[in-house]
Amino acid sequence: MSEPAPGRLELLQQFVNTLDVETGEDDWATPGQLSEWMVGRGLLDEGIELTPLDLARTVALREAVRELGRVNDGADPEPETLAALDREARSAPIGLRIDSKGHSTLGPLGEGLDGALGTLLAILATAAADGSWERMKACRNDECAWLFYDQSKNRSRHWCAANPCGNLVNARAYRARQRASSD
C-alpha cells in the first residue's frame, strides 16, 4: 500500500503487516508458517520448531507494536499494550552488542525465538532513540490498520494511502457530521 520504511524499520513494518486486518488473512496461521517467515528474514535459524505458545507470544508482540503505531498517530496508549511490550522485553532481552570491527549496536541477547523477537525489539528501541519510530503509524482506517512510515514533511499523514483508506475515513466522518446536524 505505502512505501516501505527506511532501513531496519522495514523489517518491523513487515512484521506487523503480516495480518491483513480487513480480510483476517494472517501469514502466520500456524507455528510452521511463523517459523518459515522468520527464517526467510534471517531472524531464526532453520530447523527450530516453534510451538503454538510461541505463535501466540509473537502475535501478541505484533499487535502491541501495531498499537504503538496508533499511539504515534495520537491515540492514548493502552495499559495492556505497554504491559505486553514490557513482558516481551523481559522475555527477549536486548543489550549492547560489539561486532568484530568494534561497532556497537543494540541487539538480542537470547537465541531462538527470544533472539528473533529481541532483534525486532532492538529495531524498535533504536528507532525510538533516533526519532524515526515517531513516523511509524497505524492507518486510521480501523479496517486496515496497516503500519506505514509517514514521510510527510510535517508528519501529518494518518492513512497508509489516500485511496482507499483516507477517502473511506473522510467519507464516514462526513456522513457522521451530516447525521449529527440533521438530528
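The largest pocket has a volume of about 250 Å³. A pocket here is an open set of points on a 1 Å grid over the protein atoms alone, where a 1.4 Å probe fits and protein lies on both sides within 12 Å along at least five of seven lines. Its lining comprises 14 residues, with Arg-8, Ala-122, Ile-123, Thr-126 and Ala-127 nearest the centre; lining residues have an atom within 4 Å of a point. β4 (104-108) and α5 (112-130) are the elements that give two or more residues to this lining, and α5 gives the most, with six.

This is a predicted model, in which local features need pLDDT of at least 70 and side-chain atom pairs pLDDT 80 or more, while totals for chains, interfaces and linings use all residues. Residues are numbered from 1 along each chain as its sequence is written, and side-chain values use heavy atoms, without hydrogens and water.

Helix α5 also packs against another helix. The axes of α3 (residues 52-71) and α5 come within 11 Å and cross at roughly 5°, which makes the two roughly parallel (angles under 35 degrees). On the α3 side the contact (heavy atoms within 4.5 Å) is made by Asp-54, Arg-57, Thr-58, Leu-61 and Leu-68. Their counterparts on α5 are Leu-113, Asp-114, Leu-117, Leu-121 and Leu-124.

The chain as a whole has six helices and six strands, DSSP runs of at least four residues (H or I) and at least two (E), respectively. Of its 183 residues, 39% count as buried, meaning under 20% relative accessible area with a 1.4 Å probe, protein chains only.

Technical notes. Grid points are joined across faces, edges and corners, and a volume is the space filled by probe spheres set on the points. Axes are lines fitted to C-alpha atoms, for helices over the stretch in contact, and angles run from 0 to 180 degrees between N-to-C directions. Angles under 35 degrees count as roughly parallel, over 145 as roughly antiparallel, 65 to 115 as roughly perpendicular and the rest as oblique. Buried means under 20% relative accessible area, exposed over 50%, partly exposed in between (1.4 Å probe, protein chains only).
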